[in-house]
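Have the coordinates open while you read.

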Amino acid sequence: MRTIYDAHAHLGTEEERRWRREHGIVTMVCAGDQEESKVLSGLEDSHLVKAYGIHPWKADSQDFEEMVPFLEKADIIGEIGMDRIWCQVPIKRQREIFERQLALAFCWKKPVVLHVKGMEREAAKIIRRYPGTYLVHWYSDMEGLEDYLEQGCYATVGPDGMRNPAVCQVLEKTPLSRLMVETDGLGAVQWALGDNVKLQDLRNVLEDSIQSIAVQKGVTMEEAYQWTEANFLRFAAGK
Ligand SMILES: [Zn+2]
């Protein structure tokens with residue numbers, strides 16, 4: 001079975017993690033607060049690539065200092081950012097927590113996973129002050145993607161792929177050397193595609209996205225696999 005690289009997901013259940021491991025899916029898992037970070041850091045799993053960061057939804061409930069030890073030992077910081085669509089946390093607070101983490105990532109030269117829902121323009125402006133390696137995950141606005149691409153950011157093809165015009169745009173505009181695929185976890189796939197999607201479908205969801213890359217970029221399926229793998233590993237190495 002060919003290994004597939006899922007560039008964005010969350011802890012999920014133990015069953016989901018086992019299924020991923022048994023089905024050759026290497027997954028970048030983002031722990032969004034201290035509690036998740038404790039769980040993630042305790043897992044021994046060769047198919048997990050671990051990222052730690054205060055999720056924007058947690059910006060007013062998670063104590064910053066308590067997350068610092070996880071940020072310190074993280075190879076990847078994320079997902080962090082701002083969100084004015086899916087959460088009520090005051091933007092001022094979100095921005096403060098976001099920038100404090102960006103400053104650490106910048107000092108420590110660590111790659112960063114971004115969540116920028118409804119705050120696309122502003123977040124792109126903010127990261128300009130902290131040059132580094134960024135992955136903007138499931139970008140879903142019809143405008144502003146260029147602000148990220150011109151800074152050399154990586155981008156994922158969200159699990160709704162060709163069904164979502166904003167995701168089609170990511171496929172079209174992002175260079176092959178910057179594209180990855182993601183599920184955002186089983187729960188997010190079900191949210192986007194319907195509850196009839198099961199754990200057993202996760203590989204297909206990722207393979208559909210890889211196929212969309214192959215078609216859009218005019219490469220073979222095998223080349224598309226190789227690009228998503230190489231991009232994942234390069235990003236994780238902070239390059
Ligand atoms: Zn996520």
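## A tour of the model

Thr 27 lies in strand 2, which covers residues 25-31. This is a predicted model, so keep that in mind throughout. Thr 27 counts as buried, since its relative accessibility comes out at 1%. Skip the neighbours within four places in sequence and Thr 27 is in contact with Asp 6, Ala 9, Arg 20, His 47, Leu 48 and Val 49.

Now for the metal. Which residues hold the zinc ion? The zinc ion is coordinated by His 8 and His 10, each through NE2, plus Glu 79 through OE and Asp 184 through OD, at 2.1 to 2.5 Å. In sequence, the donor residues are spaced H-x1-H-x68-E-x104-D.

For reference, the ideal angle for four tetrahedral donors is 109.5 degrees.

The peptide bond from Gly 78 to Glu 79 is cis, with omega near 0°. Glu 79 is also buried, with a relative accessible area of 2%. Asp 184 has a positive phi of about 65° although it is not a glycine. Asp 184 is buried too, its relative accessible area being 15%.

Lys 109 is another non-glycine residue with a positive phi, in this case about 55°. Lys 109 is in the loop between helix 4 (91-108) and strand 5 (112-115). Is that lysine buried or exposed? Lys 109 counts as exposed, because its relative accessibility is 73%.

On to the rings. The structure holds 7 aromatic pairs. Tyr 5 and Phe 232 make up one of them, and the pair is tilted because the ring planes sit at 55°, with the centres 5.1 Å apart. Tyr 5 is in strand 1 (residues 4-9) and Phe 232 is in helix 10 (residues 221-236), so this pair ties together parts that are 227 residues apart in sequence. Both Tyr 5 and Phe 232 are buried.

Trp 138 and Trp 191 form an edge-to-face pair, 6.0 Å centre to centre with 75° between the planes. This pair also links distant parts of the chain, 53 residues apart: Trp 138 is in the loop between strand 6 (134-136) and helix 6 (145-149), while Trp 191 is in helix 8. Trp 138 is buried, at a relative accessible area of 10%, whereas Trp 191 counts as exposed at 58% relative accessibility. Ring pairs link Trp 138 and Trp 191 with Trp 86 into a cluster.

| Arginine | Ring | Distance to ring centre |
|---|---|---|
| Arg 100 | Phe 64 | 3.9 Å |
| Arg 178 | Tyr 154 | 4.6 Å |

Arg 100 lies over the face of Phe 64, and the charged end of Arg 178 sits over the ring of Tyr 154.

How many residues does the largest nonpolar core have? That core has 65 residues, and the ones with the most contacts inside it are Phe 98, Leu 102, Leu 114 and Tyr 148. Helix 9 (residues 202-217) supplies the largest share of this core, 6 residues. Leaving out neighbours within four places in sequence, Phe 98 is in contact with Ile 80, Gly 81, Met 82, Leu 114, Ala 123, Ile 126 and Ile 127.

Another core lies apart from that one and has 13 residues, among them Tyr 5, Ala 7, Ile 76 and Phe 232. Tyr 5 and Phe 232 are the partners of the tilted ring pair described above.

Definitions and conventions
Residues are numbered from 1 along each chain as its sequence is written. This is a predicted model: local features need pLDDT of at least 70, side-chain atom pairs count only at pLDDT 80 or more; totals for chains, interfaces and linings use all residues. Side-chain values use heavy atoms; hydrogens and water are left out. Donors are N, O and S atoms within 2.8 Å of the metal (3.2 Å for Na, K and Ca); water is not among the atoms, so sites may look incomplete. Buried means under 20% relative accessible area, exposed over 50%, partly exposed in between (1.4 Å probe, protein chains only). Rings of Phe, Tyr and Trp (its six-membered ring) pair if their centres lie within 6.5 Å; planes under 30 degrees apart count as stacked, over 60 as edge-to-face and the rest as tilted. Helices (H or I, at least four residues) and strands (E, at least two) are DSSP runs, numbered from the N terminus. A charge sits over a ring if NZ of Lys or CZ of Arg is within 6 Å of the ring centre and within 35 degrees of the ring normal. A nonpolar core is a set of buried Ala, Val, Leu, Ile, Met, Phe, Trp, Tyr and Cys residues joined through side-chain atoms within 4.5 Å. Contact means heavy atoms within 4.5 Å.
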